[in-house]
Amino acid sequence: MPHIEQLSAHVADLIAAGEVVERPASVVKELVENAVDAGATAVVVEIQRGGMALIRVTDNGCGIAPEELPTAFLRHATSKLRNAGDLAAIGTLGFRGEALAAISAVSRLEALSREKGADMGASLSLEGGVPGAVEPAGCPEGTTFLVRDLFFNTPARQKFMKSDSAEAAAVSALLQQMALSRPDVSIQYIRDGKEELHTPGDSKLISAIYAARGREFAKSLVSVDGGGEGVTVRGFVTEPLAGRGSRAMQTFFCCGRLIKSPLLTAALEEAYANRQMKGKFPGCVLHIDLPLREVDVNVHPAKTVVKFAGERAVFSAVHHVVKDALNGASGALAPPPVRPATAVSNPRGDFFQAMDAKTFREQGASSKPPQRQGMEFGRPAALRDVVQRELFPKREVSKPSAAEKAFAVSKTFVPPVRPQPPSPPPEAVEEPEQTAFLPKSTPWRFAGEVLHTYIIAEDGEDVWLIDKHAAHERINFDRLKASPEPVMRQQLLTGVAVDLPQEQYGALLENLSLLEEFGFEAEDFGAGCLMVRVIPSDIDTGMVRETLEMLAEKLLSGAQADPASARDAMLHTMACKAAIKGGWVSDPAELKALIAKVQSGEVQYCPHGRPVKVKLSKYDIEKMFKRA
């Protein structure tokens, strides 16, 4: 049995770094959170080569005292906790005291800091977690961290890093979220010398949304503000018609911390019930605030998952506040109260009469409805007489004479009967030799379509329901997968600029060559935007953004790890977008062609595995009508 020995401090630091520092974006997250916790009102982040070569984070916070600089890079050293009781009410973004130690263990790091009001600052350099000497340095108030050559001493980690553009996109996505969490802090992001994000820091959430998410997203927002049971909900949600193809634009914060919560997602989407188009998802930037002791943030290493003490109260608050905001935005009003029958007056009492059954039998059946003097069906009697006299004068009808009757008879024409030629005598016809053959399958009879989605076909005593979208999607998928020729393309007269969330943007940038293989030509337009100039001929120009969003989501879900899975994911999306949709009005010839494909057995399931047809036998139908 091997002996049990304690790991060296260096190896322990590398293991801890693997838990905290996953990629350059992880480094930026920890350093920016520390800056916000230090009271900074302005933070500048600069990266080079996706953050692998350089990450510089500068803030104007409280700074670090020179004598405390070495302590800041020790594991479990923090200024945010003092005892176990503080864990029950954590109000800061960072609290474990592992970030700086983990970052310094896998990089060459330099820290410069100057306290508020101090005449001189101090600097400290570390390489692989080994600190040098603290030296005096001239620097502005606040703290600056320079992280160079990330993972220089762990080459196995370097080979798992993605392209520079993908890593930069991950940093950009993180900083957008940080900007939305603290609109009172100005965040500037510089990538390879070019500014890509700069929020004003004016404490207005809509200003941060405009800077981080763009003008189009900001235009579609509805303000949300309310709460209940100790839970406050504020922020913005998208209008129902501005739904997106994925949940990538849903952002939730709890007590200023970015979180991922299925509970909040369910509460949000429940508020959009019967408002949002199927397959579309609302976007939001929502801040949920509640007492710190009602939420546990120490349940996940990345601190992105929290646990609520009162989940029902949180769900109810988010659901009802968002629903009320949507009702107010749409102008929905409460229905008017129902008035009792006794309060309803009949302004035309001469037109309608109310009587019981006995009164009707005695006098109502024989009496005529009362009429106004000189009126008949709302027309004055004098005017009625004039109309009849002028338009319909009386004419005397004379009987036809004998000559007229004879002329009428002569006009009746009866064609003569032509004699038919005699038929030739029958000749002896040699009967063909009897041959055995197999009966051919009778084509299913096209009986119609219901809900503009399901085809009805009849096969003897069986009735088939066929999902036209699923069937057409499978045909497209098989055709695209089996075709040896490249995908047919269409050149756009003007390029389509597609703004995407940073995660989706980065996933597509990594797979531009795969996009090109399947008919797309796109280029990086900067700041989360792709310029698309060529698309597959099967895709409508109005569905470019939605198609790319679906492709990105499938790539992010793990398809890009396997080239074959990535190609199938691309084909699934293209086949789906090119297929006829449920709800579309289709030509009967198209529907009959789909029936033939399904009947032949060529189409059984859609690419996602759902069946495309359902059979109802005569017995099943008679059983439903209680005839069997």
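Me: Leaving aside neighbours within four places in sequence, which residues is Ser-186 in contact with?
Reply: In this predicted model, Ser-186 belongs to strand β8, which spans residues 186–191. Once the neighbours within four places in sequence are set aside, the residues in contact with Ser-186 are Thr-41, Ala-42, Val-43, His-198, Thr-199, Pro-200 and Gly-201.

Me: Does Ser-186 count as buried or exposed, and at what relative accessibility?
Reply: The cut-off for a buried residue is a relative accessible area under 20%. Ser-186 falls under that cut-off and therefore counts as buried, with a relative accessibility of 13%.

Me: Which residue has its backbone nitrogen 3.3 Å from a polar atom of the side chain of Ser-26?
Reply: Ser-26 is placed in helix α2, residues 24–37, and is buried, with a relative accessible area of 13%. Not counting residues up to four places away in sequence, Ser-26 touches Val-20 and Val-21. The backbone nitrogen 3.3 Å from a polar atom of its side chain belongs to Glu-22.

Me: How many residues apart are Phe-73 and Phe-145, and where does each lie?
Reply: The structure holds two aromatic pairs, and the one formed by Phe-73 and Phe-145 is edge-to-face, with 6.4 Å from centre to centre and 70° between the planes. Phe-73 lies in the loop between α3 (69–72) and α4 (99–105), whereas Phe-145 lies in strand β7 (residues 142–148), so that the pair links distant parts of the chain, and the separation is 72 residues.

Me: What is the relative accessibility of Phe-145?
Reply: Phe-73 is buried, with a relative accessible area of 8%. Phe-145 also counts as buried, and its relative accessibility is 5%.

Me: Why is the pair of Trp-444 and Trp-464 classed as it is?
Reply: Planes under 30 degrees apart count as stacked. The ring centres of Trp-444 and Trp-464 are 4.9 Å apart and their planes lie at 10°, so the pair is stacked.

Me: How many residues apart in sequence are the parts that Trp-444 and Trp-464 tie together?
Reply: Both Trp-444 and Trp-464 are buried. Because Trp-444 sits in the loop between α13 (402–410) and β19 (445–450) and Trp-464 in strand β21 (residues 462–467), the pair ties together parts whose separation in sequence is 20 residues.

Me: Which residue has its charged end over the ring of Trp-464?
Reply: Arg-213 lies over the face of Phe-217, at 5.6 Å from the ring centre. Over the ring of Trp-464, at 4.9 Å from its centre, sits the charged end of Lys-613.

Me: What is the phi of Leu-451?
Reply: Most residues other than glycine have a negative phi. Leu-451 lies in the loop between β19 and β20 (454–459) and is exposed, with a relative accessible area of 70%. Its phi is positive although Leu-451 is a residue other than glycine, with a value near 60°.

Me: What is the phi of Cys-255?
Reply: Cys-255 lies in the loop between β12 (250–254) and β13 (257–259), and at 25% relative accessibility it counts as partly exposed. Although Cys-255 is not a glycine, its phi is positive, at about 55°.

Me: Which residues of α15 and α17 make the contact between them?
Reply: The axes of helix α15 (residues 502–510) and helix α17 (residues 544–556) come within 9 Å and cross at roughly 80°, which means that α15 is roughly perpendicular to α17. On the α15 side the contact is made by Glu-503, Gln-504, Ala-507 and Leu-508, and on the α17 side by Leu-548, Glu-549, Leu-551, Ala-552, Glu-553, Leu-555 and Leu-556.

Methods: Residues are numbered from 1 along each chain as its sequence is written. Side-chain values use heavy atoms; hydrogens and water are left out. Helices (H or I, at least four residues) and strands (E, at least two) are DSSP runs, numbered from the N terminus. Buried means under 20% relative accessible area, exposed over 50%, partly exposed in between (1.4 Å probe, protein chains only). Contact means heavy atoms within 4.5 Å. Rings of Phe, Tyr and Trp (its six-membered ring) pair if their centres lie within 6.5 Å; planes under 30 degrees apart count as stacked, over 60 as edge-to-face and the rest as tilted. A charge sits over a ring if NZ of Lys or CZ of Arg is within 6 Å of the ring centre and within 35 degrees of the ring normal. Axes are lines fitted to C-alpha atoms, for helices over the stretch in contact, and angles run from 0 to 180 degrees between N-to-C directions. Angles under 35 degrees count as roughly parallel, over 145 as roughly antiparallel, 65 to 115 as roughly perpendicular and the rest as oblique. A polar contact is a pair of N or O atoms within 3.5 Å; within protein, one must be able to donate a hydrogen and the other to accept it, and residues adjacent in sequence count only if both atoms are side-chain atoms.
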